[in-house]
Amino acid sequence: MGIIRLPSIISSVKQFHKLQSVVTRNQISDVPKGHFAVYVGETEKKKRYVVPIAYLNHTSFQELLQKAEEEFGFQHSMGGLTLPCNEDAFFHVTSRLNNSL
């Protein structure tokens, strides 16, 4: 019967999780720091956009988020934040926000 070294096993597990985290981030995350992804559209086929976190401070974007909460709650079929508006409305809000940043 061999001796199991618990500290070395724990250390190995921690190193594995660090490596797995880095690999996962590099494979999945194409969202730059300071931004987040949203899905926009009223049909089944929604488009994905990456927007600055600064949008969260603006009333017009908060209104879109409130509509999303009313329609979807916190369960989003796309696995991300889904905004229930057409692309034209989204572009109108984001273009105004871009001009104010």
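This is a predicted model: local features need pLDDT of at least 70, side-chain atom pairs count only at pLDDT 80 or more; totals for chains, interfaces and linings use all residues.

Start just after helix H2 and click on Gly73: this residue takes a positive phi of about 65 degrees.

Residues are numbered from 1 along each chain as its sequence is written, and side-chain values use heavy atoms, with hydrogens and water left out.

**Stop 1: helix H2**

Now select H2 itself, residues 59-72. With 14 residues at 1.5 Å each, H2 should span 20 Å, and its end C-alpha atoms agree because they are 20 Å apart. (The expected span is 1.5 Å times one less than the number of residues.)

Which residues of H2 are buried? Colour Ser60, Phe61, Leu64 and Ala68 to see them. Looking down the axis of H2, you'll find these buried residues within an arc of 105 degrees, so they line one face of the helix. The arc is taken from the directions that run from the helix axis to the C-beta atoms. Buried means under 20% relative accessible area, exposed means over 50%, and partly exposed is in between, using a 1.4 Å probe and protein chains only.

Zoom in on Ser60, which counts as buried because its relative accessibility is 15%. Leaving aside neighbours within four places in sequence, Ser60 is in contact (heavy atoms within 4.5 Å) with Val93, Arg96 and Leu97.

**Stop 2: helix H3**

Next, select residues 87-100, which make up H3. In this helix, Phe90, Val93, Thr94 and Leu97 are buried. They cover an arc of only 90 degrees around the axis, which puts them on the same side of H3. Turn to the face pointing away from that buried side and you get the exposed residues Asp88 and Asn99.

What do the buried residues of H3 pack against? Show strand S1 (35-40), strand S2 (47-52), H2 and strand S3 (81-83).

Now go to the N-terminal end of H3, which is capped by Asn86: a side-chain oxygen of Asn86 lies 3.1 Å from the backbone nitrogen of Asp88.

**Stop 3: the two helices together**

Keep H2 and H3 on screen. Their axes come within 9 Å and cross at roughly 150 degrees. (Axes are lines fitted to C-alpha atoms, for helices over the stretch in contact, and angles run from 0 to 180 degrees between N-to-C directions.) H2 and H3 are therefore roughly antiparallel to each other, a label used for angles over 145 degrees. Ser60, Phe61 and Leu64 from H2 meet Phe90, Val93, Arg96 and Leu97 from H3.

**Stop 4: two loops**

Select Ala54 in the loop between S2 and H2. Ala54 counts as partly exposed because its relative accessibility is 31%.

Finish with Lys46, in the loop between S1 and S2. Is Lys46 buried or exposed? At 19% relative accessibility, Lys46 counts as buried. Its side chain reaches the backbone oxygen of Gly41 at 3.1 Å.

Conventions. Helices (H or I, at least four residues) and strands (E, at least two) are DSSP runs, numbered from the N terminus. A polar contact is a pair of N or O atoms within 3.5 Å; within protein, one must be able to donate a hydrogen and the other to accept it, and residues adjacent in sequence count only if both atoms are side-chain atoms. Angles under 35 degrees count as roughly parallel, over 145 as roughly antiparallel, 65 to 115 as roughly perpendicular and the rest as oblique.
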